[in-house]
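Here is a short report on selected features of one protein chain. Keep the sequence and the 3D view open while reading.

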Amino acid sequence: MPPVFAASSPDACPVHVIASDTFDSWLSGQPQRVQAWVSAQGFTGTCGQAVTVPGADGKVEMALAGFGSAAQRARRRFVLAEAAAKLPGGTYRIASGLPEEAAATETLGWLLTAYRFDRYKKSAAQTASLVAPEGLNAGAVESLAAAECLTRDLINTPASDMGPQELQAAAEALAGEFGASCSVVTGADLLDQNFPLIHTVGRASDRAPRLIDIGWGTSGPRLTLVGKGVCFDTGGLNLKPGSNMALMKKDMGGAANVLGLARMIMAAGLQLQLRVLIPAVENAVSGSAFRPGDVLMSRKGLTIENNNTDAEGRLVLADALALAAEDTPDLLISMATLTGAARVAVGPDLSPFYTGNDADAAALAASAARTADPVWRMPFHDPYEAMIEPGIADLDNAPSGGFAGSITAALFLRRFAGDTRYMHFDIYGWTPSAAPGQPKGGALQGARALFAALPDMLEL
């Protein structure tokens, strides 16, 4: 179950959130016994510190959570989560010190400390629960937590239990929860309905490729989300070495992220028409696998010289983007764990995104800062278009030379989005080292920032 706030209780322990620069003034206003206890515990308001303070009767009277300095907070995402994880079991309420503008993000971080991926191994649950602060839209924060947990669970599940069929089941379950439609084109039907690239990439697996299509909403601007659903990527005939294959269960992270974003949108009841497209495949090796050097036909009619079977994500996205563009949505967004080049450029924490619309980029940057969901704009650098134009076909899926790998991949995808207002995210979808509110494993990236920016981007 996704984490939720605790019911209000008169017995909830008050938590005072204390920044470093307010600690001395706060402490000086406390009784001598509290001053002595807090000083003895070494509490100074540093980020992540947590201490409980006993009353005269020996029972816990209050808890303190360090909020640090502005410089310390700039190096963290969920400050309160770090303290929450150190508190003993019980129910808590925020009594003072949490800035109103930070309440939604910080309480979300507290909720996310309760996340556990325990499908295969049980682990101790987080026992410090929080009552929603007064004035907070608790349902909205819980919805964000549920979306994050959905995405994490999907990515964390190994490919043995999260193939194209299981990803379809997860999409159908989400659609059913919110009364959305969900249709699926599977196997040879992909060829009959002109999705040749999705079929080509997935045909070597005994788990049939498919295109999942969710629809929700009947009025308002039209938003289409496209998520890369490569449920496992061996690299195909350009086989990955074992070290590079170890995390390839997360290669459907784009699909998991757009499903998380779709959940936020539907739970909030945004007045828009939502479509979610997920090409779900397994890039396997068999006698029917597509080959390096093959020239492939796309839905859009553009031919593609396949110079690397490990650059398959952009192929399946191409057919889905072409379908999306045919419907001329007001905004088209793709999310994919697409290139290692993006990780080299910005690391695992930032979500690189591409857009030709400066207003959309500004709205997203502002929302990312508000929601502690960092993003970084990358350029659709037109002079690099020549790098994806081989002599034998219209496009090259894997330009040689090793330069600008994320940019050339984004330019490749843009060819299939056509004239549609388009934004692309080249995410990592994984937290490599645990942090407060962010355990090691699958990650929602860029989706909360997008959700917060949509009202500005689509004038909702």
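Which residue of β5 stands opposite threonine 91? Serine 129 does. The model is predicted, and every value below is computed from it.

**The five-stranded sheet**

The strands of this open sheet follow the order β2-β3-β1-β4-β5, and their pairing is mixed. At the edges are β2 (50–54) and β5 (128–130), each of which pairs on one side only. From one strand to the next, the twist averages 35 degrees. Strand β4 (residues 90–96) runs parallel to β5, and three bridges join them.

Helices pack on this sheet. Helix α2 (residues 32–41) touches β2 and β3 (60–68). Its direction makes about 145 degrees with that of β2. Helix α5 (residues 103–112) touches β3, β4 and β5. The direction of α5 makes about 145 degrees with that of β5.

**The three-stranded sheet**

A further open sheet has three strands in the order β11-β12-β16, again described as mixed in pairing. β11 (295–297) and β16 (395–396) each have a single partner strand, so one side of each is left without a neighbour in the sheet. Strand β12 (residues 303–305) and β16 run parallel and are joined by two bridges. Here glutamate 305 stands opposite aspartate 396 in β16.

**Helices α11 and α16**

Two packed helices are described by the angle between their axes and the distance between the axes. For α11 and α16, the axes come within 9 Å and cross at roughly 35 degrees. The crossing is right-handed. α11 contributes Asn257, Leu261, Met264, Ile265 and Ala268 to the contact, and α16 contributes Ala447, Arg448, Leu450, Phe451 and Leu454. By class, the contact has eight nonpolar, one polar and one charged residues.

Helix α16 (residues 447–457) is mostly covered, with eight of its 11 residues buried. Among them are Ala447, Arg448 and Phe451. After α16 comes glutamate 459, whose phi is positive, near 55 degrees.

Where does asparagine 257 sit? Its place is in helix α11 (residues 253–268). Asparagine 257 has a relative accessible area of 0%, so it counts as buried. A polar atom of its side chain lies 3.3 Å from the backbone oxygen of alanine 443. Beyond its neighbours within four places in sequence, asparagine 257 is in contact with several residues, including Thr151, Ile155, Met335 and Ala447.

Is alanine 246 buried or exposed? Alanine 246 is exposed, because its relative accessibility is 62%, over the 50% cut-off. This residue is found in the loop between α10 (242–245) and α11. Threonine 234 lies in the loop between β9 (229–233) and α10. At 13% relative accessibility, threonine 234 counts as buried. The side chain of threonine 234 reaches the backbone oxygen of asparagine 283 at 2.7 Å. Leaving aside neighbours within four places in sequence, its contacts include Leu239, Lys240, Met245 and Val285.

| Pair | Apart in sequence | C-alpha to C-alpha |
|---|---|---|
| Alanine 246 and lysine 440 | 194 residues | 15 Å |
| Threonine 234 and methionine 248 | 14 residues | 7.5 Å |

Notes: Residues numbered from 1 in each chain as written. Predicted model: local features only at pLDDT ≥ 70, side-chain atom pairs only at ≥ 80, totals over all residues. Heavy atoms only, no water. Helix = DSSP H or I, 4+ residues; strand = E, 2+ residues; numbered from the N terminus. Buried < 20%, exposed > 50% of the residue type's maximum accessible area, 1.4 Å probe, protein only. Polar contact = N/O pair within 3.5 Å; in protein donor to acceptor, adjacent residues only side chain to side chain. Contact = heavy atoms within 4.5 Å. Pairing = 2+ DSSP bridges. Axes fitted to C-alpha atoms, helices over the stretch in contact; angles between N-to-C directions. Left-handed = near helix turned anticlockwise from the far one by under 90°. Nonpolar A, V, L, I, M, F, W, Y, C, P; charged D, E, K, R; others polar.
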